[in-house]
Amino acid sequence: MSAPFPAVRVHSPAARRAVALTIMLGTTSVILATTIVNVVLPDIMRDFAVDQGRVQWLATGFLSAMAATMLSTAWWVRAYGLRRTYGVALAVFVIVSLVGGLSTSIDALILSRIVQGAIAGVIQPLAMIALFEVYPAEERGAAMAAYGLGVVLSPAIGPALGGLLGEAFGWRAVFFVTLPLCLVGLVLAPKTLACFEQERAPRPAFDTLGFLLLCAFLLFVLGGLAHAQRAGLSVGGLATAVVGTLVCGAAFVAWEVRHRSPMFDPRVFRNPVFAAASVVGFAYGMGLYGSTFLVPIFVQSISGFSVLEAGLLLLPGGLLLALCIPPAGRLTDRHSPHLIVCAGLACFALSFLLFAHSSAQTGFWTLALWIALGRLGLALMIPALNAGAVQGLPLSQIAQGAGALNFVRQLGGAFGTSALSLLLQWRLGVHQQDLAAAVDTAAEALEASTQAFDDSFIAVGLVFLSALWPGWHIRRA
């Protein structure tokens with residue numbers, strides 16, 4: 001749905017700040033929930049006696065559900081209004097967070113995370129919609145900067161906060177930490193978001209078939225990877241996953257091109273610059289979410305770090321990311337995006353390639369430095385990628401382009417997390433077989449695990465290096 005939303009006129013600066021505060025409470029909560037669970041995954045694995053192939057669905061399920069519903073936010077706002085959409089979605093998010101924290105089985109926990117992700121996909125775009133509508137053009141830059149800082153800071157402090165709570169109260173506490181923010185947002189919303197009330201109008205038709213085809217596409221992609229982890233990568237299973245993915249993907253594209261009010265307009269990919277930026281965005285999602293999945297498991301299972309240490313390890317890099325976003329934005333204003341995007345990709349690739357040489361003896365601050373190098377790369381990429389991606393699109397496709405880029409990034413995160421989990425499991429089996437003749441069983445297991453993680457880190461580094469070619473095509477129009 002590319003048509004703009006009707007403008008909401010809020011004359012009072014205090015009213016605008018109230019809108020921003022209320023809507024950012026929900027946005028911050030769902031973004032915190034995206035990564036805060038990753039640091040306690042080893043504890044969940046121990047409590048429920050499951051392997052990392054099963055527990056990775058806590059991350060993959062969240063991200064894939066978020067990608068599936070993110071494109072539907074525009075319809076929810078048009079059909080029910082922003083205030084009602086925000087309030088109902090936030091209330092459901094509170095309920096499923098409670099269910100997750102009180103779960104007594106891994107299946108219930110995974111299901112709660114999938115529902116959390118679906119609700120997060122609806123809530124996250126609401127902040128940009130609300131701020132764009134209530135702030136005049138001359139103040140939107142500052143509003144978007146504050147929004148961007150909140151979006152970046154949440155995953156920066158999430159793992160550290162999750163580690164602190166996991167160390168003190170156990171893994172269940174990470175499901176409850178965002179509840180105070182959500183409850184305050186629910187209390188404020190009826191009054192502060194009243195400006196979004198609009199006259200009753202005919203409810204637009206929901207793109208049901210498009211949504212179902214998108215869900216089927218995600219199910220074949222991610223379900224195929226999950227099946228490969230459980231039952232091995234058979235020829236029949238691989239063929240089913242590939243054919244199902246291609247058929248559902250092609251059907252989704254064909255339907256959306258012909259639909260009068262598409263949930264997603266594939267024609268934005270006709271622009272070569274946007275198409276290149278989307279490839280980089282996919283790699284960006286893989287790197288950001290893949291690293292927050294792999295690194296906590298690596299440092300707890302290989303380096304022997306505590307839950308708190310694993311969370312704190314990601315904090316310096318996260319804070320560096322937040323600090324570098326503003327100057328990176330100014331750098332993007334002065335130079336062509338392709339130079340900055342490629343510099344960011346190189347930093348992130350180098351970060352993972354350095355991780356590939358780590359072992360149980362690698363110190364805390366060395367690992368923190370390598371993570372910080374990768375986060376510096378992300379800081380360079382975020383403004384340049386966002387600005388460069390949509391610069392060549394016509395005005396009528398800007399909204400679709402922004403939504404498509406966010407979708408591709410979330411899809412990259414879901415696919416990357418699942419694929420890296422499969423790769424880690426596969427390489428672990430290979431190295432365990434290679435070291436089967438070793439005398440010391442404990443040393444053999446540690447060495448096999450270390451080599452498997454090293455292979456996974458190399459794979460991510462190579463993904464980022466391969467993204468340099470499309471990144472070089474994101475030139476200033």
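I call a residue buried under 20% relative accessible area, exposed over 50%, and partly exposed in between, using a 1.4 Å probe and protein chains only. The model I am reading is predicted, so I kept in mind that local features need pLDDT of at least 70, that side-chain atom pairs count only at pLDDT 80 or more, and that totals for chains, interfaces and linings use all residues. Residues are numbered from 1 along each chain as its sequence is written, and side-chain values use heavy atoms, with hydrogens and water left out.

**Salt bridges**

I looked up salt bridges, taking one to be a side-chain nitrogen of Lys or Arg within 4 Å of a carboxyl oxygen of Asp or Glu, and the count came to three. For helices I used DSSP runs of H or I with at least four residues, numbered from the N terminus.

I began with D455, which pairs with R427 at 2.8 Å from N to O. D455 belongs to helix α18 (residues 441-466) and R427 to helix α17 (residues 398-434), so this pair ties together parts that are 28 residues apart in sequence. I noted D455 as partly exposed because its relative accessible area is 22%, whereas R427 is buried at 19%.

Next I checked D107 and R54, whose closest N and O atoms are 2.3 Å apart. This pair links distant parts of the chain, with D107 in helix α7 (residues 106-134) and R54 in helix α3, 53 residues apart. D107 is partly exposed at 47%, and R54 is also partly exposed, at 31%.

I then turned to D43 and R46, where the closest N and O atoms are 2.1 Å apart. Both lie in helix α2, three residues apart, which is about one turn of the helix. D43 is buried at 13% relative accessible area, while R46 is exposed at 57%.

**A loop residue**

I looked at A49 in the loop between α2 (41-48) and α3 (52-55), and found a positive phi of about 55° although A49 is not a glycine. A49 counts as exposed because its relative accessibility is 70%.

**Helix packing**

I looked up helix α14 (residues 315-334) and helix α16 (residues 364-390), which pack at an angle of about 30° with their axes 8 Å apart. That makes α14 roughly parallel to α16, a term for angles under 35 degrees. The axes are lines fitted to C-alpha atoms over the stretch in contact, and angles run from 0 to 180 degrees between N-to-C directions.

Note on methods:
Helices (H or I, at least four residues) and strands (E, at least two) are DSSP runs, numbered from the N terminus. Angles under 35 degrees count as roughly parallel, over 145 as roughly antiparallel, 65 to 115 as roughly perpendicular and the rest as oblique.
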